[in-house]
Amino acid sequence: MAQKTLNLQLHRIGLLTCSECISMFDKENGNFRILWAEQGDEITLEYAGTNALKRDLVRYGKKMVTGLIKDGISAVSRYYVNNFHDGIWKDALDLSCGHYTVRRNAHSPFQQNSFGPLSVSNIRS
């Protein structure tokens, strides 16, 4: 989809004719694939804490054994992080994105995760 979108954009600004597409230009297509894969890694690292899955498919257009092994390691890492370490991060993300509703009589989700309210005695120590 990204490649089709890029083709449409390049057609609209006149860099490619109607009969051309980015895949016809090896260097530019390779650069596009690398850029797309690196951006995917960055976004996935932020969101999931691991590299993107199927990186070799995006970069090289085919699956490789090393890519399958890396995908397996990333999947296991994601499972572990999501089930044992992401609770606090998820609560903070929900709060900052407006998906957590603050209620006066409800306990803060951060208090149970040692993010209790600051007091003067906590600050001085």
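Cys18 sits in the loop between α1 and α2, where helices (H or I, at least four residues) and strands (E, at least two) are taken as DSSP runs and numbered from the N terminus. With a relative accessible area of 81%, Cys18 is exposed; the classes are buried under 20%, exposed over 50% and partly exposed in between, with a 1.4 Å probe and protein chains only. Ten residues along the chain from Cys18 is Leu8, and the C-alpha atoms of the two are separated by 9.2 Å. The model is a predicted one, in which local features need pLDDT of at least 70 and side-chain atom pairs count only at pLDDT 80 or more, while totals for chains, interfaces and linings use all residues. Residues are numbered from 1 along each chain as its sequence is written, and side-chain values use heavy atoms, with hydrogens and water left out.

For orientation, the protein chain has six helices and zero strands, so its elements read α-α-α-α-α-α from the N terminus on. Of its 125 residues, 18% are buried. The chain exposes about 10,100 Å², and carbon and sulfur atoms supply 59% of that area; accessible areas come from the Shrake-Rupley method with a 1.4 Å probe, and for residues only the protein chains shown count as cover. Among contacts (heavy atoms within 4.5 Å) with a separation of 6 or more, 29% are between residues 24 or more positions apart.

Helix α1 covers residues 2-12 and includes Leu6. Leaving aside residues up to four places away in sequence, Leu6 touches Ile22 and Phe32. Leu6 and Cys21 are 15 residues apart in sequence, with 8.9 Å between their C-alpha atoms.

Helix α2 can be followed from one end to the other. It has 23 residues and reaches 32 Å from its first C-alpha to its last, close to the 33 Å expected at 1.5 Å a residue; the expected span is 1.5 Å times one less than the number of residues. The buried residues of α2 are Asn29, Phe32, Ala37, Asp41, Thr44 and Ala48. Their cover includes α1, α3 (55-60) and α4.

Asn29, in α2 (residues 26-48), counts as buried because its relative accessibility is 12%. The side chain of Asn29 is joined to that of Gln3 by a polar contact of 3.1 Å. Such a contact is a pair of N or O atoms within 3.5 Å; within protein, one must be able to donate a hydrogen and the other to accept it, and residues adjacent in sequence count only if both atoms are side-chain atoms. Beyond four places in sequence, Asn29 touches Gln3, Ile22 and Ser23. Thr44 is also placed in helix α2, and its 16% relative accessibility makes it buried. With residues up to four places away again set aside, Thr44 touches Gly49, Thr50, Asn51, Ala52 and Arg78. Gly49 follows α2 and has a positive phi, near 85°.

Turning to charged side chains, the count comes to one salt bridge, defined as a side-chain nitrogen of Lys or Arg within 4 Å of a carboxyl oxygen of Asp or Glu. The salt bridge links Asp71 with Lys63, and the closest N and O atoms are 2.8 Å apart. The two partners fall into separate accessibility classes: Asp71 counts as buried at 13%, whereas Lys63 counts as partly exposed at 35%.

Helix α4 (residues 65-84) contains Ile69, which is partly exposed at a relative accessible area of 49%. On the surface, Ile69 forms a nonpolar patch with Val65 and Ile73, and together the three have about 310 Å² of accessible area. Patches are made of residues with over 30% relative accessible area and no salt bridge, with like charges joined within 9 Å and nonpolar side chains (Val, Leu, Ile, Met, Phe, Trp, Tyr) within 5 Å.
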